[in-house]
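Reader: I have a few "how do you know" questions about this fold. Can we go through them one at a time?

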Amino acid sequence: MTDPSAPRPPSVLTIAGSDSGGGAGIQADLKTFAAHGVHGLSAIAALTAQHTRGVTAVHAPPIQFLRAQIDACFDDFDVRAVKIGMLATAEIVDAVADALALCPDVPVVLDPVMIATSGAKLLDDDALGALRTRLIPRARVLTPNLPEAELLLGRRIAAGPDAEAALAALRALGAHGVLLKGGHLDEGDEVVDRYADAGAAFAHRAPRLEIDGHGTGCTLSSAIAARLALGDDAATACRAGINYVHRAMRDAYRPGRSAVSVLGHLGPLAS
């Protein structure tokens with residue numbers, strides 16, 4: 001019988017969208033948390049009808065229900081980190097920001113999900129401003145890809161020097177640290193992910209894998225949140241998260257009818 005006085009395991013909360021296809025969103029987050037040995041919690045901010053070929057519909061549950069999910073998690077669990085993914089509207093952004101204001105010491109990893117890989121828009125126009133002002137300053141780590149960074153900054157990122165300048169501009173929005181993902185930028189045979197905070201900076205280079213992967217951004221931000229919950233500093237958590245995603249991409253598989261692969265989230269446990 002479990003001793004109720006025993007220490008509780010570290011928990012990580014994902015506030016994001018649900019992927020009915022199982023490869024991204026809440027589903028990818030929970031698999032990533034399990035792979036890192038932390039207890040996964042979820043507050044569903046959006047429901048998506050999607051598969052490996054794209055998103056066909058999006059539905060946002062009532063704001064009061066989203067807040068009830070978040071409050072229930074903090075009421076009972078030892079929440080050591082929060083990952084934020086898809087938040088479709090400004091009202092949802094405000095609700096999440098209000099809830100997190102009650103726990104200012106819990107680190108937040110913000111994956112500013114705005115556009116699906118298929119090109120479907122996942123964020124309302126009015127939510128962009130709310131994201132900038134209410135959640136980015138709360139983030140321990142902000143993890144945009146290049147299209148998301150371009151939307152946040154209102155300018156094009158076409159080459160390595162542009163990415164370096166964008167990293168500084170993104171930090172100026174208020175996040176403690178920024179990991180600018182390089183998968184969308186053509187820098188030859190390598191993918192260059194760039195990180196910076198007030199005390200650390202690095203450029204992580206890895207061979208570009210010929211995989212059309214689904215859920216890589218969700219998985220990366222969740223891995224970073226898990227590592228923060230386990231005690232890593234932000235830069236170390238980002239390095240570990242990048243390496244985890246690289247291994248998970250090597251173990252990717254294709255469950256749908258398209259050429260899109262879903263990451264092998266549990267494979268890295270045996271690596």
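Reader: Let's start inside. Is Asp29 buried or exposed, and what makes you say so?

Author: Keep in mind that this is a predicted model. Asp29 has a relative accessibility of 0%, and the cut-off for buried is under 20%, so Asp29 counts as buried.

Reader: Why are Lys83 and Asp29 called a salt bridge?

Author: The N to O distance between their side chains is 2.9 Å. The rule asks for a Lys or Arg nitrogen within 4 Å of an Asp or Glu carboxyl oxygen, so Lys83 and Asp29 qualify at 2.9 Å. Lys83 sits in strand β4 (residues 79-84) and Asp29 in helix α1 (residues 25-35), so the pair ties together parts that are 54 residues apart in sequence. Lys83 is buried too, at a relative accessible area of 1%.

Reader: What makes Asp111 and Lys181 a salt bridge?

Author: Their closest N and O atoms are 3.5 Å apart, and the limit is within 4 Å, so Asp111 and Lys181 pass. Asp111 is in the loop between β5 (108-110) and α4 (125-135), while Lys181 is in the loop between β7 (177-180) and β8 (190-197), so this pair links parts 70 residues apart in sequence. Both ends count as buried: Asp111 has a relative accessibility of 2% and Lys181 has 11%.

Reader: Which label does Glu164 get, and how do you know?

Author: Glu164 has a relative accessible area of 42%. Buried needs under 20% and exposed needs over 50%, so Glu164 falls in between and is called partly exposed. Its salt-bridge partner is Arg194, with the closest N and O atoms 2.9 Å apart. Arg194 lies in strand β8 and Glu164 in helix α6 (residues 160-171), so they tie together parts 30 residues apart in sequence. Arg194 counts as buried, at 6% relative accessibility.

Reader: How many salt bridges does the rule give in total?

Author: The count comes to nine. There is also a network of salt bridges that links Asp94, Asp98 and Arg134.

Reader: Why are α5 and α6 described as oblique?

Author: The axes of helix α5 (residues 146-153) and α6 cross at roughly 55 degrees. Under 35 would be roughly parallel and 65 to 115 roughly perpendicular, so α5 and α6 are oblique to each other. Their axes come within 11 Å, and the crossing is left-handed. Ala149, Leu152 and Leu153 in α5 meet Ala166, Ala169 and Leu170 in α6.

Reader: Which residues touch the most other members of the largest nonpolar core?

Author: Leu13, Ile15, Val82, Ile84, Leu87, Val96 and Leu135, out of 52 residues in that core. Helix α3 (residues 90-100) supplies the largest share, eight residues. A second, separate core has 27 residues, including Phe202, Leu220, Ala223 and Ile224.

Key: Residues numbered from 1 in each chain as written. Predicted model: local features only at pLDDT ≥ 70, side-chain atom pairs only at ≥ 80, totals over all residues. Heavy atoms only, no water. Helix = DSSP H or I, 4+ residues; strand = E, 2+ residues; numbered from the N terminus. Buried < 20%, exposed > 50% of the residue type's maximum accessible area, 1.4 Å probe, protein only. Core = buried A, V, L, I, M, F, W, Y, C linked by side-chain atoms within 4.5 Å. Axes fitted to C-alpha atoms, helices over the stretch in contact; angles between N-to-C directions. Parallel < 35°, antiparallel > 145°, perpendicular 65-115°, else oblique. Left-handed = near helix turned anticlockwise from the far one by under 90°. Contact = heavy atoms within 4.5 Å.
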